[in-house]
Amino acid sequence: MKRLWLLFSQTCTVLLATYFVVATLKPQWISAGTSSRGVISMFESPAPPAGEIPPGSLRMAAQVASSAVVSIATSKAAAQHPNADDPWFKFFYGDQSDEPQGGLGSGVIVSPQGYILTNNHVIEEADEIEVVLNDGRKSVAKVIGTDPDSDLAVLKVELDKLPTIVLGNADALRVGDQVLAIGNPFGVGQTVTSGIVSALGRNQLGINTFENFIQTDAAINPGNSGGALVDTNGNLLGINTAIYSRSGGSMGIGFAIPVTTAKQVLEDIVKDGKVTRGWIGVEPNDLSPELAETFDVKAQEGVIITGVLQNGPAAQAGIRPGDVIVSIGGTPVRDVTQLLALVSSLKPGIESAFVVQRKEAQVNLKLTPGVRPKPKAVKR
């Protein structure tokens with residue numbers, strides 16, 4: 001009996017030792033025979049080296065530009081009916097809400113002095129404007145000036161160590177170039193979307209008086225207005241302004257004001273408090289075969305003048321109805337949109353060279369533009 005017990009104990013010892021050796025060196029031999037319930041086989045990629053940027057990522061452009069893009073919250077006192085306190089008015093119409101109306105938009109810090117570019121329609125008629133930086137700081141903003149013709153406005157905040165965006169070169173843009181749109185859509189917080197330049201020089205959209213939009217398919221939604229359109233280096237190319245939409249959301253057609261226009265407006269407003277544009281006092285129309293035949297003009301391209309303001313700059317220079325403006329300051333004129341842009345860029349009081357086609361002859365004129373009249377306020 002003693003021998004049997006000794007043999008049993010030695011056998012158990014050997015089996016246990018064998019089990020531990022196998023479990024340590026070849027655990028799969030043991031697990032292969034057990035139930036696989038609850039066990040999931042997965043493959044994981046190794047962690048990338050610290051700081052490595054994935055191929056094709058636009059991370060750096062987003063990081064560079066995002067800090068200079070701000071959210072703008074506006075408030076406006078509710079308009080009260082003059083009879084709001086009348087008991088009979090309250091009986092029929094109820095108590096009128098006196099809650100202030102709020103609005104949301106975006107802006108771009110373009111100067112360490114605190115100047116911010118945004119859209120005029122974002123801050124129009126606002127009683128109070130609050131700017132929220134990407135780092136969480138908040139400040140009440142002061143309106144330095146607005147330009148309804150281009151739908152741009154300049155604000156200023158008094159804060160230290162402001163992040164500033166770098167202005168890019170919109171003239172070098174080409175259709176197909178990658179761009180990012182940065183703003184605060186629907187008030188959800190700062191959002192970055194990407195796309196390409198879909199078209200350049202978009203005009204005749206009925207959005208602004210002076211239109212030369214960059215069109216992009218980067219998603220732009222309500223609240224993005226006034227935000228930044230940037231290149232793959234994070235440099236500012238334009239101010240996001242409008243979208244074409246049937247639903248109120250992005251449909252892949254967004255428009256931005258080129259940075260060249262925005263820079264000129266900014267400099268004029270900061271220097272003079274307003275934007276001064278040239279004006280000649282004419283009624284222009286795109287040249288068509290019908291108009292050319294009506295006025296007996298032989299010009300093939302240019303802008304035909306169908307009306308001239310009496311005693312205006314154009315009339316004083318000798319321009320008549322039926323004349324076709326062919327060039328201004330040596331720059332060819334192709335359509336009405338370009339004519340408006342060229343005339344508006346002229347300095348009032350400084351003589352400029354105009355070439356017009358009058359019937360079969362070309363006439364060189366010297367015209368001194370005046371100051372473009374202030375547009376009538378339009379309720380949005």
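What follows is a walk through the fold of this protein, from its overall make-up to a few individual residues.

The model is predicted, so local features are taken only where pLDDT is at least 70 and side-chain atom pairs only at pLDDT 80 or more, while totals for chains, interfaces and linings use all residues. Residues are numbered from 1 along each chain as its sequence is written, and side-chain values use heavy atoms, with hydrogens and water left out.

Start with the overall picture. The protein has nine helices and 21 strands; both are DSSP runs numbered from the N terminus, helices being H or I with at least four residues and strands E with at least two. Of its 380 residues, 37% count as buried. Here buried means under 20% relative accessible area, exposed means over 50%, and partly exposed is in between, all with a 1.4 Å probe and protein chains only. The protein exposes about 22500 Å², and 54% of that comes from carbon and sulfur atoms; these areas are from the Shrake-Rupley method with a 1.4 Å probe, and for residues only the protein chains shown count as cover. Among contacts (heavy atoms within 4.5 Å) with a separation of 6 or more, 60% are between residues 24 or more positions apart.

Next comes the barrel. Six strands close up in the order β8-β9-β10-β13-β12-β11, with antiparallel pairing; two strands pair if DSSP finds at least two bridges between them. Neighbouring strands of this sheet are turned by 45° against each other on average, direction ignored. Axes are lines fitted to C-alpha atoms, for helices over the stretch in contact, and angles run from 0 to 180 degrees between N-to-C directions. Three bridges join β8 to β11, and Ala181 stands opposite Leu229 in β11. Three bridges also join β11 to β12, where Ala228 has Ile239 of β12 as its bridge partner. The hairpin of β11 and β12 has five residues between the strands, and Gly234 there takes a positive phi near 85°. From β12 to β13 there are five bridges, and Ala242 is partnered by Phe255 in β13. Seven of the eight residues of β12 are buried, so this strand is largely enclosed by the rest of the structure.

Phe255 turns up again in the ring search. The whole structure holds one aromatic pair, where pairing requires the ring centres of Phe, Tyr or Trp (its six-membered ring) to lie within 6.5 Å, and planes under 30 degrees apart count as stacked, over 60 as edge-to-face and the rest as tilted. The rings of Phe213 and Phe255 have centres 5.8 Å apart and planes at 50°, so the pair is tilted.

Helix α3 (residues 59–66) has Ala61, Ala62, Ala65 and Ser66 buried. These residues cover an arc of only 115° around the axis, which puts them on the same side of α3; the arc is that of the directions from the helix axis to the C-beta atoms. They pack against β1 (69–76), β8 (178–183), β9 (191–202) and β11 (228–230). The helix lies across β8, β9 and β11, running at about 40° to β8. Helix α6 (residues 259–272) packs on the sheet as well, touching β12 (236–243) and β13, and its direction makes about 50° with that of β13.

Helix α9 (residues 336–344) has seven of its nine residues buried, so it is largely enclosed by the rest of the structure. Its buried residues include Val336, Leu339 and Leu342, and their cover includes β14 (278–279), β15 (282–286), β16, β17 (324–328) and β18 (331–332).

Finally, some loops. Thr209, in the loop between β9 and β10, is partly exposed at 37%. Leaving aside neighbours within four places in sequence, Thr209 contacts Asp149, Leu340 and Arg372; its C-alpha atom is 5.0 Å from that of Asp149, 60 residues apart along the chain. Most residues other than glycine have a negative phi. Asp151, between β6 (142–147) and β7 (152–156), has a positive phi near 60° and is buried at 2%. Asn311, between β16 (303–308) and α8 (313–317), has a positive phi near 65° but is exposed at 60%.
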